[in-house]
Structures are given as C-alpha cells and as structure tokens.
Amino acid sequence: MKKTVKTLIAAGLMVAAASSMFAAKKKAPAKKLITVGYAQVGAESDWRLANTTSFKETFTEANGYKLIFDDAQQKQENQIKAIRSFIQQDVDYIVVAPVVETGWETVLQEAKKAGIPVILSDRLMTGVDDLYLCWVGGNFLQEGRDGVKWLESYLKKIGRDKDEINIVDLQGTIGASAQIGRTQGIEEGIAAHKNWKLVAQQTGEFTQSKGQEVMESILKSTPKIDVVFAENDNMAWGAIDAIKAAGKKPGKDIIIICFDAVHETFNKMMAGEINCAVECNPLHGPRVDEIIKTLEAGKKVKDKKQYVVEEVFDQENAAAKLPTRKY
C-alpha cells in the first residue's frame, strides 16, 4: 500500500513538473520584431513599384521585422513628415529613398538625437554625410556613361560614327540623384564628341505622361532628332507614343536609350522600339536587410556606399535575358 502511495506521489510530481515546464514554455515572450520605417518617394514608375515590392517582401514578420511604409507621392515635405512620425513611433531603423538631395539636415538631426540609424536607398542626400549610416543603390553616373558607351559602339556598328548626331535628353526629376548622375554622364559623353549635339534637354519628371508631353513638344520644335536618352523607362514609353504619333518609327528613325530595364522595356526592345536599356537594379530590400542584421549582431557596416550589380541590355540580348528578370 505504502509503495503504491509513493508511486502515485512520484507520478504526480512528474506530471506537475511537466505541467510547470509546459507553462513556462507557453509564457516565454515572443522574439521582438525589428521595426523599420520606410519613407518611399512614391509610385511614379514601374521601377519604383518593383523597389517597393522588394522592401515589402523582405521586411516581413517571418523575417523578424515590422515594416511601417509611407508613400510620399514625390513630395519632400511628405517624407520629412513621415520621418518625424517614425521618430515618434520609436522605430529601430529609418530607411529613406529621398525625393531630392538637399534639405534634410534638420530632420536627420532629430533622428540622430533619438538614436535611430538612417539608411538611404536609391537616391543620395548631400551635406549630411555624418547624419546617415550608409546608402544602397545604383551608380547613376556610371549608368549615364554606360548609355553613352553603348551609343558609341552602336553608331560605329551601323556606320554613323562620323555623322552629325542630334540628341535629346529627357531628364528625371531635377535634383534627384538619378537625374544628376545620369545627366552628368550623358553630358560628358556629348561633350567628348564634336559631331554630337544636344538639341533639347527637359525634365519629364520620371513619368510616362510627362515624358510623352515633353517629347511631343520637342518633336514640333526640333525637326531632326537622331537619339533620345530617356532617364528612366517610363519616360521612354511616353516618348515612343509621341514619336509614333509624329509619324516616325522609334528604334529606327530615332534611337532610344533608357534607364531602369524593367520587364516592359524588354518587350519594347524585342519589338524594336527601344534600342538599349541600362539597368538600375531596384531590389534593395535584401541588401538593407543585410546591413540591419550586421548592426543587430553588434558589428560595423564597412562601406558608406553599397552599389547593387547592374548591366546593359539591347535588342540583341533582350530575348535571352528576359526569362531571368525579377522585375
């Protein structure tokens, strides 16, 4: 009888211990999510949409994050308001794709005072190097130079390298890093060729509708155009519509070189309407994730500027490359 009682007591203690362990496991606090506030430029282009998707697919709860996303609709004042909101919400990190390069010192000082690291994506800021941690994006100046290099090679290939070449530059949003870098690269290239002439240069604000509007106007005032540099894909698509409406063939009568290289541009290269697309890789989410995880591990980020890998595509390789594109 005593043996049975002892056995029952021992069994009861084991059950109690197991129950206690289970309760302790149940009550264990969930791992804290890392909160990231992302102030995006807007949704002005297919490239921008792909960039946004990259962040939303990377900064998920499954990956240990809570993402607070804000679309600034291409207005700097909206981004400044968003950054201040992130500071009030005490986020762990702030990521900004700045609309323009200047005018950020005050709000970044506020983020620094709050002890929140700031990471830049896509576009740069000037005069505030000590107020942000690092930047992730494309080499816009090199992109402009790559577009020029492709044109040099192509004109030689078709036997027009000695001809007078009239060039139009459809610029992006004036003051944006992509516009500044690409414009500089294009202008350098034109200046290096005595037979190249910049006949028109105007902003299309990185949008298809504005690109079309500006190109329509330029076509009316400038009868001979050999080349159009469109500083993003969407403006190139607008320019194509304008060129067609004017009774000319884009890609044949007028050489089209653009920047970004999203899916639809590959389709237009394959259709013969765009000659060359210089890539601007929008998949910044994974690189920013790497940076944050490095910091969370207590390590330092080595490079202030971190460039993504980019290529140059044209009508010859578009069909082969399209199946591997992620955007």
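I began with K210, which counts as partly exposed at 22% relative accessibility. The cut-offs are these: buried is under 20% relative accessible area, exposed is over 50%, and partly exposed lies in between, with a 1.4 Å probe and protein chains only.

Before going on I noted that this is a predicted model, in which local features need pLDDT of at least 70 and side-chain atom pairs count only at pLDDT 80 or more, while totals for chains, interfaces and linings use all residues. Residues are numbered from 1 along each chain as its sequence is written, and side-chain values use heavy atoms, with hydrogens and water left out.

**Salt bridges**

Which residue does K210 meet in a salt bridge? I found E213, at 3.3 Å from N to O. A salt bridge here is a side-chain nitrogen of Lys or Arg within 4 Å of a carboxyl oxygen of Asp or Glu. E213 and K210 are three residues apart in helix 7, so about one helical turn separates them. E213 is partly exposed, at 46%.

I then looked up K293, which forms a salt bridge with D289, the closest N and O atoms being 3.4 Å apart. Both lie in helix 10 (residues 285-296), four residues apart, about one turn of the helix. K293 is partly exposed at 38%, whereas D289 is buried at 11%. Salt bridges that share partners also join E44, R48, D122 and R123 into one network.

I checked D163 as well: its salt bridge is with R160, at 3.3 Å between the closest N and O atoms. D163 is partly exposed at 31%, and R160 is partly exposed at 23%. By this rule I count 20 salt bridges.

**The sheet**

Helices (H or I, at least four residues) and strands (E, at least two) are DSSP runs, numbered from the N terminus. Six strands form an open sheet in the order 7-6-8-9-10-12, with mixed pairing. Two strands pair if DSSP finds at least two bridges between them.

Which strands stand at the edges? They are strand 7 (196-203) and strand 12 (312-314); each has a single partner strand, so one side of each is left without a neighbour in the sheet. The twist averages 15 degrees from one strand to the next.

Strand 6 (residues 165-171) and strand 8 (residues 227-230) pair in the parallel sense over four bridges. In this pair I found V168 opposite V228.

Helix 7 (residues 208-221) lies across strands 6, 7 and 8, at about 150 degrees to strand 6. Helix 8 lies across strand 6, strand 8 and strand 9 (255-260), at about 155 degrees to strand 9. Axes are lines fitted to C-alpha atoms, for helices over the stretch in contact (heavy atoms within 4.5 Å), and angles run from 0 to 180 degrees between N-to-C directions.

**The cores**

A nonpolar core is a set of buried Ala, Val, Leu, Ile, Met, Phe, Trp, Tyr and Cys residues joined through side-chain atoms within 4.5 Å. The largest has 60 residues, and I94, L170 and M215 have the most contacts inside it. Its largest share, seven residues, comes from helix 8 (residues 233-245). Apart from it lies another core of 19 residues, among them V41, Y93, V100 and I292.

My last entry is L120, in strand 4 (residues 118-121). Is L120 buried or exposed? L120 is buried, with a relative accessible area of 0%. Not counting residues up to four places away in sequence, L120 touches V96, M125, Y132, C134, W135 and V136.
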